[in-house]
Amino acid sequence: MALKNLLALVALLAFVGVSIAKPYGNPLGNPRVKGDLDLDYYRFKCPQVESIVRRVTFQYVSRRPTLAAALLRMHFHDCFVRGCDGSVLLKSPNNDAERDAPPNLTLRGWEVVDAVKSVLERKCPGVVSCADVLALVARDAVAVIRGPWWPVPLGRRDGRISRLSEANLPSPFADVKTLKNNFRVKGLNSKDLVVLSGAHTIGVSSCGLISSRIHNFTGRGDFDPAMNPSYVRTLKKRCKPTDVRTPVDMDPGSARRFDSHYFNIVAQKKGLFISDSALLNDFVTKSYIQTQVVTRGASFAKDFSDSMVKLGFIQILTGRKGEIRRKCAFVN
């Protein structure tokens, strides 16, 4: 009898539109970082949200696959400054927002986020946050190029503040101690650091960011001894000392595929950035790299999925905090 009553209650709740939620507890394990999200957050308010995001993202990324790396990078840059609140998307008339900071001047893919948001506003006006849109777009963009998939719990709200002065992102010139601290203060650990660095498998940089490393590392016309000499010779042929614009793949030989090949490159001392090579200077990160090389990336997709979920919880705004922007580039 009790079971029948329970089943009747569940049916009634579904009929009247009360969400039987799928809460996703905050995985960061940091008591100072509060807030839960929900895989079914928009179940009744905008049930088509994920199919809309997936369709529009596919339309763009299928035509321009390099947008996958760009949109994943945008999500990362958003979460590392003020948390995953869509603040990187905001424009400022004084050019002093996050997107105006030097590390963000090369971000691409704004038009994808805007296109998705435009469709959602027509379908479900004032419901889906730009922070959630960016989190979903990043996941679906990677899926288009057959990269790993991860669940994206939803319910983030949009921040109203975006400051250029706060855009202190992990640097490509940083040593491993600094990188570990950058991640630690966001609730991420050393494994998350090396796993998320694996996104460089589809990364593209430019000669300008590696010029001193290969041409004049200590001011004596030398190169960084942490680099493979044969790789340096290859890079010098592509990047002349005054060249700052020519693109350079971060995972040569596999830059169009989201796979574990990046770890093979780093193990061979062919990491493009100082921050890539630095991963060999820590026991935890080096061990992970060696494991992925030996096992041919057996756990990388699962590990990347887990770390992306954690990333998506950094300093989130929920409840009555923040707002739901109508246009992602402007506060309401």
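Colleague: What makes you say that helix 6 and helix 7 meet?

Modeller: This is a predicted model, and in it Val176, Leu179, Lys180 and Phe183 of helix 6 meet Ser190, Asp192, Leu193 and Leu196 of helix 7. Contact here means heavy atoms within 4.5 Å. By class, that contact has 5 nonpolar, 1 polar and 2 charged residues.

Colleague: Why are helix 6 and helix 7 called roughly perpendicular?

Modeller: Their axes come within 9 Å and cross at roughly 105°. Angles of 65 to 115 degrees count as roughly perpendicular, so helix 6 and helix 7 get that label.

Colleague: How do you know that the buried residues of helix 6 line one face?

Modeller: Buried means under 20% relative accessible area, and Val176, Leu179 and Phe183 are buried in helix 6. Looking down the helix axis, the buried residues fall within an arc of 60°, so they line one face. On the other side, Lys177 and Arg184 are exposed, and exposed means over 50%.

Colleague: What do the buried residues of helix 6 pack against?

Modeller: They pack against helix 3, helix 7, helix 11 and helix 12.

Colleague: What makes Leu89 stand out in the largest nonpolar core?

Modeller: That core has 74 residues, and Leu89, Leu120 and Phe304 touch the most other members. Leaving out residues up to four places away in sequence, Leu89 touches residues including Met74, Trp110, Val113, Leu134 and Ala329.

Colleague: Which residues are in the other core?

Modeller: Another core, of 12 residues, lies apart from the largest one, with Cys207, Ile210, Ile214 and Val248 among them.

Note on methods:
Residues numbered from 1 in each chain as written. Predicted model: local features only at pLDDT ≥ 70, side-chain atom pairs only at ≥ 80, totals over all residues. Heavy atoms only, no water. Buried < 20%, exposed > 50% of the residue type's maximum accessible area, 1.4 Å probe, protein only. Helix = DSSP H or I, 4+ residues; strand = E, 2+ residues; numbered from the N terminus. Arc of directions from axis to C-beta. Core = buried A, V, L, I, M, F, W, Y, C linked by side-chain atoms within 4.5 Å. Axes fitted to C-alpha atoms, helices over the stretch in contact; angles between N-to-C directions. Parallel < 35°, antiparallel > 145°, perpendicular 65-115°, else oblique. Nonpolar A, V, L, I, M, F, W, Y, C, P; charged D, E, K, R; others polar.
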